[in-house]
Amino acid sequence: EVLLAMNLPDYHPAFGRDPLAAGDWIVRGEGADEVGIVVAGPDHLTRTSLASPTLHWSLAKLPSGGVFHLTILDEDDEPVVLDRALPAPTRTGLQRLDLGALGVSLPIGPVLRWSIAWRPSEDAPPASFDFGWLRVVPLDAADAARIAAAPPGERVALLAEAGCFHEALDLALATEARAGATPDVERAITRLLEQAGLAELAASRAGGR
């Protein structure tokens, strides 16, 4: 039986909060597009302790067709994953991207830029897209053991404290799916999204309930 007083997470960026530029051809959050893709992550480099983490992104409007793609590039713009077609979402809001289920294993160490893009057709240029940045740095043995031994309600906070934003968010969302939208869980999710600079996404979740 899991029920849960979830500690309020305090996200500590592992590599600082300096924003990373996506490139001259995209500005996050500006400009209207048909589907409104937003990566659920900060605009700075985040740590993941896993080679195949679960990431999240958000969709404002379901398109009538087209295709969604995942691309992951290293710091030399060499592809780790290039234009991997994703299943079409069936609902708006947060979407779960399990890299392990896709058979994707990320290299340890380099800065990686991941993006979700939607194309109106397979051969069209992207009409909607957003970027996130991450770096695989495994937990040391002591931190991994401390997090594994912690009660379920503490793990989100411990992962956030270690700078593992995506693991913390995924665990909080998985807890919500399992235990329901309890006030403690919702506060934890909202706090993580706001600490990542995603206050609009947090507000849209609250408005959709």
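Q: Which residue in strand 5 stands opposite Ile 72?
A: In this predicted model, Ile 72 stands opposite Val 81 in strand 5. Strand 4 (residues 67-73) and strand 5 (residues 79-86) run antiparallel and are joined by 5 bridges.

Q: What about the hairpin of strand 4 and strand 5, how many residues are between the strands?
A: There are 5 residues between the strands of that hairpin, and Asp 77 takes a positive phi near 65° there.

Q: Which other strand is joined to strand 4 by bridges, and how many are there?
A: Strand 7 (residues 112-119) is joined to strand 4 by 7 bridges, and the two run antiparallel; within strand 7, Ser 115 stands opposite Thr 71.

Q: Is strand 4 mostly covered or mostly exposed?
A: Strand 4 is mostly covered, with 7 of its 7 residues buried. Val 67, His 69, Thr 71 and Leu 73 point one way, while Phe 68, Leu 70 and Ile 72 point the other way. In general, side chains in a regular strand alternate between the two faces of the sheet.

Q: Changing topic, what order do the strands take in the open sheet?
A: The open sheet has 3 strands in the order 1-3-6, with antiparallel pairing. Strand 1 (37-39) and strand 6 (93-98) are the edge strands, each pairing on one side only, and the twist averages 30° from one strand to the next.

Q: Which helix packs on that sheet?
A: Helix 3 (residues 165-179) packs on the sheet, where it touches strand 3 and strand 6, and its direction makes about 70° with that of strand 3.

Q: And which residues of helix 3 are buried?
A: Among them are Phe 165, Leu 169, Leu 173 and Glu 176.

Terms used. Residues are numbered from 1 along each chain as its sequence is written. This is a predicted model: local features need pLDDT of at least 70, side-chain atom pairs count only at pLDDT 80 or more; totals for chains, interfaces and linings use all residues. Side-chain values use heavy atoms; hydrogens and water are left out. Two strands pair if DSSP finds at least two bridges between them. Helices (H or I, at least four residues) and strands (E, at least two) are DSSP runs, numbered from the N terminus. Axes are lines fitted to C-alpha atoms, for helices over the stretch in contact, and angles run from 0 to 180 degrees between N-to-C directions. Contact means heavy atoms within 4.5 Å. Buried means under 20% relative accessible area, exposed over 50%, partly exposed in between (1.4 Å probe, protein chains only).
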